[in-house]
Amino acid sequence: MRSYEFIGSVTGSGSFTRNLAQVGDVDGDGLGDVLISDETASGGGNAWLISAADLASLDALDGATDGQIDVDLIPGAGTSGSYQFSSTDSQTLLSVRVGVDISSAGDVDNNGVNELFIAVGGAGGFGEVFVIDAADLSALDALDGVVDGDIDMSLISGTGGTYQFTSSSGNRLDYEISSAGDIDNDGLDDLIIARSQQSIGGGSNNGGGYIISAADFADLDALDGSTDGEINLDLVAGTGGSYQFIGAGANDTVGSSVSSAGDVDGDGFDDLLIGANQAGSSGETYLISGADLAALDALDGSTDGEIDLGLVA
């Protein structure tokens, strides 16, 4: 194993690789793969999935095996497991920014390989988030009519096990995303999507977000009356094991950071970490037990899938 440097020869943004994620084994070859992004790259931002098996061949694309990999050469390179994610979506309200946040989604379908989690700022007007089934990558590449290693994010919802998360409420979705681990102990990894700088549930810049059970994907997809791979997050609270969490105070910015905490209490349910960097005098962090979600939902007197974080302690 050698070390490599990744560069972007034509991005010209100055923010190349601002977001980095170790995404585990997405191609089933037993090697861990990586996801990097530049949300400000010209043309609407890009993200790149780098298959560990492709490292040597990617290094040689510029004609020199010097350990320097130019990710802008991935489209058209013919590598077997590495891809560029871009978008042809065009919005006037907010500029499209592929890769404003990236993460492993964990193994949401229990097929032995990890999925990808990519946020696209400004897409659809207020941002969109995609969970991309690793098994769909070849099919997603072909959706624009060219098998060239460049996947157009604006085309992919509804293909196989790939889902698009949107909102119709006017609150942006392009902030923090993470695998939540297996919060309900059903063998599927779940998701967390935050909206830290938004006014949610009647609050003022209180922030919040969503805990999405992977087992609910198909039911959540159907809530808007169409099974098209698009899930409206404004509808998910109270469906199966999925929840909306809401910040307690004005300007708390709940969801400024989110992560799986793993199983901190050994009960078989993974737990969650939710940051609120403007809450109180110096910020606050919530450790949420996956086993407590139903009980936390009931604290406000209504089992409606909405968890008020101001009531948890």
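A: In this predicted model, the structure holds two aromatic pairs. One of them brings together Y163 and F217, whose ring centres are 5.1 Å apart. The planes of these two rings meet at 50 degrees, so the pair is tilted; an edge-to-face pair would need an angle over 60 degrees, and a stacked one an angle under 30 degrees. Y163 belongs to strand β11 (residues 163–166), whereas F217 belongs to helix α3 (residues 217–222). The two residues are 54 residues apart in sequence, so their pair ties together separate parts of the chain.

Y163 has a relative accessible area of 14%, and F217 has one of 6%. Both values fall under the 20% limit, so Y163 and F217 count as buried.

F217 also takes part in an aromatic pair with F165. Here the ring centres lie 6.1 Å apart and the planes stand at 65 degrees, which makes the arrangement edge-to-face. This pair, too, links distant parts of the chain, with F165 in strand β11 and F217 in helix α3, 52 residues apart. F165 and F217 are both buried. Taken together, Y163, F165 and F217 make up one aromatic cluster.

Another aromatic residue, Y4, has a charged neighbour: R2 lies over the face of the Y4 ring, at 5.5 Å from its centre.

A further tyrosine, Y286, is placed in strand β19 (residues 284–288). With a relative accessible area of 11%, Y286 is buried. Residues that Y286 touches, leaving aside those up to four places away in sequence, include V254, L272, L273, I274 and A276; L309 and V312 are also among them. The C-alpha atoms of Y286 and G275 are 6.3 Å apart in space, although 11 residues separate the two in sequence. The side chain of Y286 is also joined to that of E284 by a polar contact of 3.3 Å.

Two asparagines complete the account. N110, in the loop between β7 (97–106) and β8 (115–121), has a phi near 55 degrees, a positive value in a residue other than glycine. N185 likewise has a positive phi, near 60 degrees, and lies in the loop between β12 (177–181) and β13 (190–194). N110 is exposed, at 52% relative accessible area, whereas N185 counts as partly exposed at 44%.

Definitions and conventions. Residues are numbered from 1 along each chain as its sequence is written. This is a predicted model: local features need pLDDT of at least 70, side-chain atom pairs count only at pLDDT 80 or more; totals for chains, interfaces and linings use all residues. Side-chain values use heavy atoms; hydrogens and water are left out. Helices (H or I, at least four residues) and strands (E, at least two) are DSSP runs, numbered from the N terminus. Buried means under 20% relative accessible area, exposed over 50%, partly exposed in between (1.4 Å probe, protein chains only). Contact means heavy atoms within 4.5 Å. A polar contact is a pair of N or O atoms within 3.5 Å; within protein, one must be able to donate a hydrogen and the other to accept it, and residues adjacent in sequence count only if both atoms are side-chain atoms. Rings of Phe, Tyr and Trp (its six-membered ring) pair if their centres lie within 6.5 Å; planes under 30 degrees apart count as stacked, over 60 as edge-to-face and the rest as tilted. A charge sits over a ring if NZ of Lys or CZ of Arg is within 6 Å of the ring centre and within 35 degrees of the ring normal.
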